[in-house]
Amino acid sequence: MSERPIPPRRLWWLAAGFAVWCSALVALYAVHAIGCAFAWSAGSLRLGLAAVLFAHLIVMGWMWRDITRASTDPDFGPTGKFLHGAAIWTLVAALVASVLTLGPPLLLTICM
Amino acid sequence: MSEPVEQLSQGAPALRLHRELAAIWATGPGLQRLAAVNHSVIGMRMMITSFTFFAIAGVLGMLTRVQLATPNAAFMDPETYNQVFTMHGSMMLFLFAIPMVESFAVYLTPKILGTRDFAFPRLTAYGYWCYLFGGTILTVSLIAGIAPDGGWFMYTPLSSNVYTPGINADVWLLGVTFVEISALSLAAEIVVSILKIRAPGMALDRMPIFGWYILVTALMMLVAFPPLILGSILLEIERAFGLPFFDPTRGGDPLLWQHLFWLFGHPDVYIIFLPMAGALSTIIPVFAGRPLVGYRAIVVAIVALAFLSFGIWVHHMFTVGIPHLALAFFSAGSAIVAVPTAVQIFAWLATLAHGMPRWSVPMLYVFGFFFIFVMGGLTGVMLAVVPFDWQAHDTYFVVAHMHYVVAGALAFPMLAAFYYWLPLLTGRTAVHRLSVPAFWLVFFGFNLTFFMMHLTGLLGMPRRIYTYQGNEGWNWLNLLSSVGGFVMTIGFALVVIDLFVQLRYGRRVRRNPWGSATLEWAMSIPPAPYAFASIPHLTRTDAIAPGDLALSLARGEGYLGFTRNGWQETLGVHMTTGEPEQLIVLPQPTYLPLFNAFATAAVVLTLLFKLYLLALVAALVTAGMFVFSAHRAGLARDYGPMPVGQGVNLPPHTEVAEAPAWLALICTLVADGTLFTSLLFGAFYLWIAAPNWPAAITPEPSRMLALLAVATLAVAAAAARGSLRAVANGGRARGWIGLAVLALLAAIAAAVGLIAGVAPHPREHALGATAAALLGYVALHAGIGLLFLVSNFLRIGAGFIASRRILDLRLTRLWLDYTLVTGVIAMGLVLALPALVTMLGARP
C-alpha cells in the first residue's frame, strides 16, 4: 500500500507515440491523395508532404524530450518505473517507425 | 456507514464456504442453464460452439480440396463451389477464429487475473447468444443453398445487387454484423475487466503477460470492427434501399468497400494471433522452467504491433491503382511490422535457451508454431514488396501465405493451449499415445496442404477457380495438397478422439500439473463457478505458488472469503496499482440476455427478409428490452464501505466514481467514434476518388434546420448536466430529464427534416447518400440518448439513482456530450458538402 496510485490517464502515454505515427500516416495519405486529385505541382506536393512528416516528427521529439526529462516519481514505485520505461520505448519505436516507413517514400515519383 | 445486512460467516471451513458460494454462483439445472451468465459456463459454451463451426468450416475446406484434387472435376458445380469456399473462409474467420480466441479470453482471463468473473456477466451471455444466433443464420443459409457466394471479403461490385441479386450477400452482411455485436460487446467487457477487476496487489507490471495480450487484443477489436460494421451497413443499405455508396455509376466507389473491409481485415490477423501469442508466452516459461525473458520489451512490442497492424491495410490493395508513393508507405509498414513480431519470437527463444525445456505435448505444438509462423512471416515480407505482390496477387501463393499466418499461427498455439489448459477444464490428463501422433499428422498434413499452394501460386493458379484444364502443370501439386488436407483432418480427428478418451479414461491430475506460476491453477479443478473461494492478495516479494495458495484461498483466507446477502461479489481495483477500491456486486443468472438476443435476432431476420416495418418494431422492442434489463440493475440503497476481508472496507461499485460501467461507456464511445471516423473517411474518400461527381450543386441543405439540430443537442447536453447536479444535491431531476427529452426529439425531427431535403436525392447519387448517412448517424444517436433518459427516469423512480449513486446520470451526460460533438461535426460536413463539390468543379 506504500505506492502512490498512478493516475490511470498516464496509461494513454503507452499509446501516444504510435497515435502520432497513425496521425502522420493518415495525414500523408490524405494530403497526397488531395494533391494528386487537384494536380498540385510535384514540388509543392512533395514539400507539403515533407512538412506534414516533419511536423509529426517534431511532435514526437517534443514528447520524447518531455517524457525523458520527467524522471519517474519515486512515490509511484516499480509500477510507475515500468510504465515510464514502456512509454519511452513505445515512443522510440514509433519515432523509428515514422522515419523508416514514412520518410523514404517521399523521394518516389509523386503521383504515378 | 458500514451496514451489512446479514451476519458474516467469517472463518467458515472450506467445505461450508464452498457450499455457500456454490449455492450463490452456480447455474441452475435444466432450462435454467439458458439463464447462465457465469464466465466459465459461457466461455466453455463459446469454445464448444466455435469448435463446432470449425468442424463445419473444415468439412467445407475438404470439399474444396476434393473438387481441386484433379482437373475438370465434376464433384461440385461452380455455384455450389462459390458458396462452399465463401462459407469456408467466412466461418473460419468470423465464426471460429475470432470467437475461439474470445472464448479462451472469457474462460481464462478472470482466473489468470485472480478474480471471480467479468465485470458484466449479462453482457458476456448476450454476446454469446448473438454469436450463436448469427452463426446459425449463416449455417442454415448454407443448408438452404442460399449461402453467401462472393468470397469471404465480399468485394463490391460482385456483392452488390446487380451481380448478386438474391439474399446470399445479405446473409453475410447481416449475419456477420450480428456476430460482430458479440465481438464488440465482449471486447468492451474484457478491457474493463482487465483494467478494473484483478486480484488486489496485481499492479500492471505484475500482471501475467497473458493479461497484456488480451487487453491489447480487446482494444484492437474495439477499433478494428467498426469499419467493417459500417461497410456492412452501407452495403446493406445500398442493396436494400438503393443508396449508391459503392456504385460508380452514381458517384460511389467499389474501392471504398475494400478500404473499410481491410481496415478491419488486416488488424484482424493480429487480433487472432495476439491471444495465441499470449498463450505461448504463458506456456513457454512453464516448460522452460524460468520466467519469460523481456516482459517489458514484449509489452512494448504488443503495443507497437497493435498500431502498426492498423497502418498497413492497403497492402491488400496493391493492385488497385494507388500511386507508387502511397503504396510505399504501406509496403514499408508491412515490412517493419515483422520487427515487433520478431521481438516476441526472440524473447521466446531466449526463454527456452536460458531454461531447461521439458518436451511435452504442448511443447510439440509450440515447436510446430515456430516452424509454421516463421514461414508465414517470411512470405508475408515477400508479399509486402509491391512488385512481388503484383505477380502473386490473387494466386494460390496468397492462399498459402494466409493459411500459414492465420491458420498455422492460430491452430498450433491453440492446440498447445488446449493441451496445456485441458487438465484445468477436465481434471484429467491427455493420453500421449494419441496426442503425439495427432500432432505429427496435423503438422505433416498442414505443410503438405499449404506448402504446395506456394508452388501452384507461383505457377500462376488463381484463387477461387472451381476447376482447371489439367495442362497448366498444377495437377500433382493440387493432388498433394488435397492428400495433405485429408492427413491433417485425420490428425484433428485424433485430437477430438484424444479429448473424449481423456474425459473418459484420462489419469486424474494433481493441482497445477505443469508446475506453473499463474493463478488459474490456484483453484479446485475443474473450477467451481465462483472460481476462487476467496480472492488472493499479491505482494511484490512473494512468487505465486498455486499449490499452497489454493489451500489458503479455499479456506477463505483471502478477500471475500464469506458470503453476504446472497450477492455475487468480487473486487474492483485501481487500474494501475491494483489496490482494492470497490466491492463489485455482480448480477445473478437471468434469461434477459437470451431474450435480448432473440429480439436482436428478430431485427436481423426481418431485415434479411426485407420486412422493414416489422424490423422497426423489432428494433423498438429490442431497445425497450435493454432499458428494461437495466431497470433494476445495481443496488437500490446506499450501503457505504463494507468489510471485504483482510481488515479492508470498501464501498459498492454503485457508490464510486470509477465504476466499471464508466470505463465501459468510454470503450463503447471509442468503438462508436471509430465508426463515425470511418464514415467521415468514406465521405471524403468518395469526394476525392469516386467517379461521376457533379461539377456543382445548387440546392443547399437548410442551415436553419442544421442550426436547430445542433442547438437542441446542446440543450440536451446542458439538461443532462442539470439533472446530474440536481440529483447530486439531493434535488429532483425530472424537469431536467423532460427538457432533455424534448430537446432530443427536436434534434431528431431536425435531422429527419434535413434528410428529407437532401439533394441530390440519396438514391440518385452518393453525395446525397453520404449526407443522409451522416444525418442518420446524428438522429440515431439522439434516439439512443432518449433511451438513456428513459432509463434514468425509471431508475430514479425505482430508487436506484440517488445523491450517492449518480453513475447513470454521468453516463447519460457523457453520451449526450458525444452526440453533441459528433452532431456538430456531421452537420458541419453536410453544410460544407456543396462547397466541396464546387471545389471538385474547379479541379483541372
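Analyst: In this predicted model, 30 residues of chain B are in contact with 41 residues of chain A. On the side of chain B that touches chain A, helix H8 (295–310) and helix H9 (324–336) of chain B each supply at least two residues.

Within chain B, attention turns to a pair of helices. Helix H3 (residues 78–112) of chain B packs against helix H5 (residues 168–196) of chain B at an angle of about 20°, and the two axes are 11 Å apart. Because angles under 35 degrees count as roughly parallel, H3(B) is roughly parallel to H5(B). The crossing in which H3(B) passes H5(B) is left-handed. H3(B) brings B:Ser90, B:Phe94, B:Leu95, B:Ile98, B:Glu102, B:Ala105, B:Val106, B:Thr109 and B:Pro110 to this contact, while H5(B) brings B:Trp172, B:Val176, B:Val179, B:Ala183, B:Leu186, B:Ile190, B:Ser193 and B:Ile194. The residues of this contact between H3(B) and H5(B) divide into 13 nonpolar, three polar and one charged.

Among the elements of chain A, the highest mean pLDDT, 94, belongs to helix H1 (residues 13–37) of chain A, and the lowest, 92, to helix H3 (residues 77–102) of chain A.

Technical notes: Residues numbered from 1 in each chain as written. Chains lettered and ligands numbered in written order. Predicted model: local features only at pLDDT ≥ 70, side-chain atom pairs only at ≥ 80, totals over all residues. Contact = placed C-beta atoms within 7 Å. Helix = DSSP H or I, 4+ residues; strand = E, 2+ residues; numbered from the N terminus. pLDDT = per-residue confidence, 0-100. Axes fitted to C-alpha atoms, helices over the stretch in contact; angles between N-to-C directions. Parallel < 35°, antiparallel > 145°, perpendicular 65-115°, else oblique. Left-handed = near helix turned anticlockwise from the far one by under 90°. Nonpolar A, V, L, I, M, F, W, Y, C, P; charged D, E, K, R; others polar.
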